[in-house]
Amino acid sequence: MISCDLLVIGSGPAGKRAAIQAAKWGKKVYVIEKNSEVGGVTVHTGTIPSKTLRETVLNLSGWRERAFYGRSYRVKSDITANDLRQRMDITLNHEVDTLEHQFARNNVNIVYGIAHFISPDVIEVELEEGEKQQYRASRILIATGTHPYRPDDIPFDDERIIDSDDILKIKQVPKSITIIGAGVIGVEYATIFSALDVKVTLVEPRNSMLDFIDRELVDDLMHQMRDCGVNMRFGQQVKSVGLEGGGSVVELENGRMIYSEVTMFAAGRIGNTSGLKLDNCGLEADSRGRLSLADANSFQTVVPHIYAAGDVIGFPSLASTSMEQGRLAVFHAFDKDAFAYSAPDYFPYGIYSVPELSTVGMSEEEVVERGIAFESGICRFRETSRGQIMGLDHGMMKLIFSMKTRRLLGAHILGEGATELIHIGQAVLNLKGTLDYFVENTFNYPTLAEAYKVAALDAWNKMPQSAAGKSQQQSN
Ligand SMILES: Cc1cc2nc3c(=O)[nH]c(=O)nc-3n(C[C@H](O)[C@H](O)[C@H](O)COP(=O)(O)OP(=O)(O)OC[C@H]3O[C@@H](n4cnc5c(N)ncnc54)[C@H](O)[C@@H]3O)c2cc1C
Ligand SMILES: NC(=O)c1ccc[n+]([C@@H]2O[C@H](COP(=O)([O-])OP(=O)(O)OC[C@H]3O[C@@H](n4cnc5c(N)ncnc54)[C@H](O)[C@@H]3O)[C@@H](O)[C@H]2O)c1
């Protein structure tokens, strides 16, 4: 039996941050990973591969230049699955290398094997050659993440009917693809494949998509998707999915048949808890394999020395938030500085569709629901000089301000650079800044960040002068 201060199950973003933080305090830390490489979903099947794929598609297709050179402009006319895989392999190898180095230089012990509980403080790990090793840990973090949900009645064959893990292994770029589920994964892949000139059909049982995002931006994104030829079959349930000829067929409840080379099911994920033998430690997972917390701020479960962080605890299920959760959990576990675990009110959400979308704070729908008097301002990227230089015919920023306090309540961006630009809004929001920050400060010119000033001035111009208050400038 090996004893340690912290045992982390899972080497994804939550596990990695937690392990390195605890090791920095001189704690003896073990990370157990069931895959043959560290990194979790983020590195191997989720964030990094999908974003690398997106970048490769945008570069090789010439998508960013089409406003200048026309819709038929292509950098490479015949983009193959091999073209897409090459860059992905290089990026993923670098990521794994960097992670291994980070663990090693911080003296975090990595053990490759499958972990399960023997008792609340003893974990057994099944190692590669059938050997077993037990660990006694004074603190344990469950950071086992999720895997794609695969309903029993869908005949997945890993080639023509696939999930979001399989899509990264396709042998050739399909001519057509049906994507079931217009969640974040579905929308990202639908737009990436559409940029590759693949015929895309997106199926969703609800009448809308991405309901947590400001409607005005989602409407704009949907308009652009339709304009690029994405077929959206919304408000329709899937009756069956099957193989047909050399491809796949999806039958909807209304009788419509959708034929395509490949169908990808992307409707939700399941927590990796079924193999953990949770009975032995006094925890229980819900029907989707997720763990609940006794305290949402400390990430403590009902068993006080066992913590859970990352996707396995559910919303928001992001690499970005998972990393922070892991870090905060060990601050609590080792009784470190109490201030460190009061997370800021707002975190950004980045959706890497084509075009990308990012948001922080309240949407207009949320502000209305809460009965807050507000004004909003909009800047279209084509109104900025930088947007003109870049040939952006789409792209917008929407800022929402309180009429009473003038504080920024929400920032919403759709278009090139959105996921980077959002951090300006995030800083102002979490530092409780007002409209005046944007109006009074000088921004680099020409930049897309200037859109913050233009959107703020737009809101300021719409406010009655009493509410417009301090800032006296007017936009041209
Ligand atoms: C297609 C896709 C795109 C995404 N894009 C983004 C994005 O752009 N931005 C973003 O912020 N987030 C994105 N995400 C979400 C992000 O990947 C997850 O939020 C993040 O990986 C969760 O981290 P985690 O540490 O909780 O778990 P994971 O990354 O899932 O890691 C868990 C690890 O635990 C291991 N494990 C499980 N059970 C055991 C066991 N019994 N014993 C030992 N090891 C075990 C697993 O092998 C895995 O390596 C995306 C996800 C997907 C699927
Ligand atoms: N850029 C990012 O940050 C990013 C990217 C990808 C994934 N993720 C994370 O991964 C998680 C999982 O994403 P997801 O897209 O799989 O899940 P999701 O829960 O976001 O979306 C699932 C979608 O599928 C629909 N759906 C559910 N059941 C269905 C059915 N039977 N038939 C058809 N449609 C159905 C739902 O209505 C929903 O729109 C998300 O919570 C997200 O946080 C993040």
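This is a predicted model: local features need pLDDT of at least 70, side-chain atom pairs count only at pLDDT 80 or more; totals for chains, interfaces and linings use all residues.
Student: Which domains is the protein chain divided into?

Tutor: The domain assignment gives domain 1 (2–147 + 270–341), domain 2 (161–267) and domain 3 (349–471). The C-alpha centres of domain 1 and domain 2 lie 28 Å apart, and the contact takes twelve residues from domain 1 and ten residues from domain 2. On the side of domain 1 that touches domain 2, the largest share, seven residues, comes from α3, and by class that side has seven nonpolar, four polar and one charged residues.

Student: Why is α3 described as largely enclosed by the rest of the structure?

Tutor: A residue counts as buried if 20 or more other C-beta atoms lie within 10 Å of its own; eleven of the 15 residues of α3 are buried, and therefore the helix is largely enclosed by the rest of the structure. Among the buried residues are Thr 47, Ile 48, Pro 49, Leu 53, Arg 54 and Leu 60, and what covers the buried residues of α3 includes α2 (40–44), α5 (81–105), α6 and α8 (319–333). Helix α3, residues 47–61, reaches 21 Å from its first C-alpha to its last, close to the 21 Å expected at 1.5 Å a residue. Just after α3, Gly 62 takes a positive phi of about 75 degrees.

Student: How do you know that the span of α11 agrees with what a helix should have?

Tutor: The expected span is 1.5 Å times one less than the number of residues; for the 13 residues of α11, residues 418–430, this should come to 18 Å, and because the end C-alpha atoms are 18 Å apart, the two agree. The buried residues of α11 include Ala 418, Leu 421, Gln 426 and Leu 429, and the buried residues of this helix pack against β17, β18 (357–361), β21 (408–414) and α12 (435–440). α11 is followed by Lys 432, whose phi is positive, near 60 degrees.

Student: What makes Val 218 count as buried?

Tutor: The cut-off is 20 or more other C-beta atoms within 10 Å; Val 218 has 21 C-beta neighbours inside 10 Å, so the residue counts as buried. Val 218 lies in helix α7, residues 215–227, and, leaving aside its neighbours within four places in sequence, is in contact with Met 209, Leu 210 and Ile 213. Val 218 and Leu 357 are 139 residues apart in sequence and 8.9 Å apart in space, C-alpha to C-alpha.

Student: Which residues come nearest to ligand 2, and which element gives the largest share of the shell?

Tutor: Of the 23 residues around ligand 2, Gly 181, Gly 183, Ile 185, Ala 267 and Ser 317 come nearest. The elements that give two or more residues to the shell are α6 (184–195), β9 (199–204) and β17 (349–351), and the largest share, four residues, comes from α6. By class, the shell around ligand 2 has 13 nonpolar, six polar and four charged residues.

Note on methods
Residues are numbered from 1 along each chain as its sequence is written. Chains are lettered from A and ligands numbered from 1 in the order in which they are written. A residue is near a molecule or strand if its C-beta atom, placed from the backbone, lies within 6 Å of it. Ala, Val, Leu, Ile, Met, Phe, Trp, Tyr, Cys and Pro count as nonpolar, Asp, Glu, Lys and Arg as charged, and the others, Gly among them, as polar. A residue is buried if 20 or more other C-beta atoms lie within 10 Å of its own, exposed if 12 or fewer, and partly exposed in between; C-beta atoms are placed from the backbone. Two residues are in contact if their C-beta atoms, placed from the backbone, lie within 7 Å. Domain bounds come from an automatic or database domain assignment.
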